Amino acid sequence: MKKSILALSLLLGLAQLAVAQEKPKQNPESSEIWEPVPRVVTPGVLSPATASGTTAPSDAIVLFDGKDGSKWVSVKDYNPNNWSGVTEGSNTWPIRDGAMFSAKGASLRTKQEFQDFQLHIEFRTPDKVEGNGQGRGNSGIFLQGRYELQVLDGYNNPTYSNGMVGSIYKQAIPLVNPSRKPGEWQTYDIIYFAPRFNKDGMMLEQGKVTVLMNGILVQNNTNIKGTTEYIGYPKIVPHGKGPLLLQDHGNPVGYRNIWIREL
């Protein structure tokens, strides 16, 4: 009898525990999250003066607005592996018709340095077609001054695939080639996450980049293996924040509507 009472008590106890552990009744409000509230960012306004059709959003740093080139300095003798021997001076690129055009003998870099970011930039290769392959409308956008997103006339202009427009130079072939005709303005929208290094200079995480060219995906969360070398393989060089660099490659490539959002 005592065993029966004990067993019954145990069952009642387990039943009460099960009831206590039952989840409360759910309703639509149970899964609603009200905080944190994302901050408001005002989109850019419609503008016929941009290839993207809009100006910069409210929280962006405007690096070039079509008039003021003071956020850039000229750069000579730069090396993506070592910036210690670089010669810098005032911005020497001519500004006309709302754009900066590359000038022979000097590239440009931003005065400000960045880590992770969203970048919008518009470029135009010369309307007069001269040269072919890498000699036609060549420039480049160096992320953190080290990792080149190729700028090149890609319209009916065969070249090696990992060096064409939309490529991470000598590392990643673009998914497609959405090039417009020479002389037409084109857009890059770039989401970039910088590589991470430990205190000993070892790379813990590779950099990653997603690129849309003229609104079309050309790099999808692509790993950046190291510096983008013309000869040889990528080099891993530890660094912190770095500038944006626009390369002079002897062709008068134009840039405009450049803005960046730090992430």
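**Group meeting: notes on loop residues in a predicted model**

Let me begin with asparagine 138, which touches Gln150, Val151, Leu152, Gln247, His249, Asn251 and Val253, leaving aside residues up to four places away in sequence, where contact means heavy atoms within 4.5 Å. Residues are numbered from 1 along each chain as its sequence is written, and side-chain values use heavy atoms, with hydrogens and water left out.

Asparagine 138 is found in the loop between β7 (117-124) and β8, the strands being DSSP runs of E of at least two residues and the helices runs of H or I of at least four, numbered from the N terminus. With a relative accessible area of 1%, asparagine 138 is buried; buried means under 20% relative accessible area, exposed over 50%, and partly exposed in between, with a 1.4 Å probe and protein chains only. A polar atom of the asparagine 138 side chain lies 2.8 Å from the backbone oxygen of glutamine 134.

Turning to threonine 227, we find this residue in the loop between β14 (216-224) and β15 (245-246), and it counts as buried because its relative accessibility is 1%. Its side chain makes a polar contact, at 2.5 Å, with the side chain of glutamate 229; a polar contact is a pair of N or O atoms within 3.5 Å, and within protein one must be able to donate a hydrogen and the other to accept it, while residues adjacent in sequence count only if both atoms are side-chain atoms. Not counting residues up to four places away in sequence, threonine 227 touches Pro80, Asn81, Arg146, Tyr147, Gln171, Pro234, Lys235 and Val237.

Next come some points about the backbone. Glutamine 144, although not a glycine, has a positive phi of about 55°; this residue sits in the loop between β8 (139-143) and β9 (147-151), and at 0% relative accessibility glutamine 144 counts as buried. Lysine 170 is likewise not a glycine and has a positive phi of about 60°, its place being the loop between β9 and β10 (186-193), but at 32% relative accessibility lysine 170 counts as partly exposed.

Finally, a cis peptide bond joins glutamate 35 and proline 36, with omega about 0°, and proline 36 belongs to the loop between α1 (2-21) and β1 (61-64).

Terms used:
Predicted model: local features only at pLDDT ≥ 70, side-chain atom pairs only at ≥ 80, totals over all residues.
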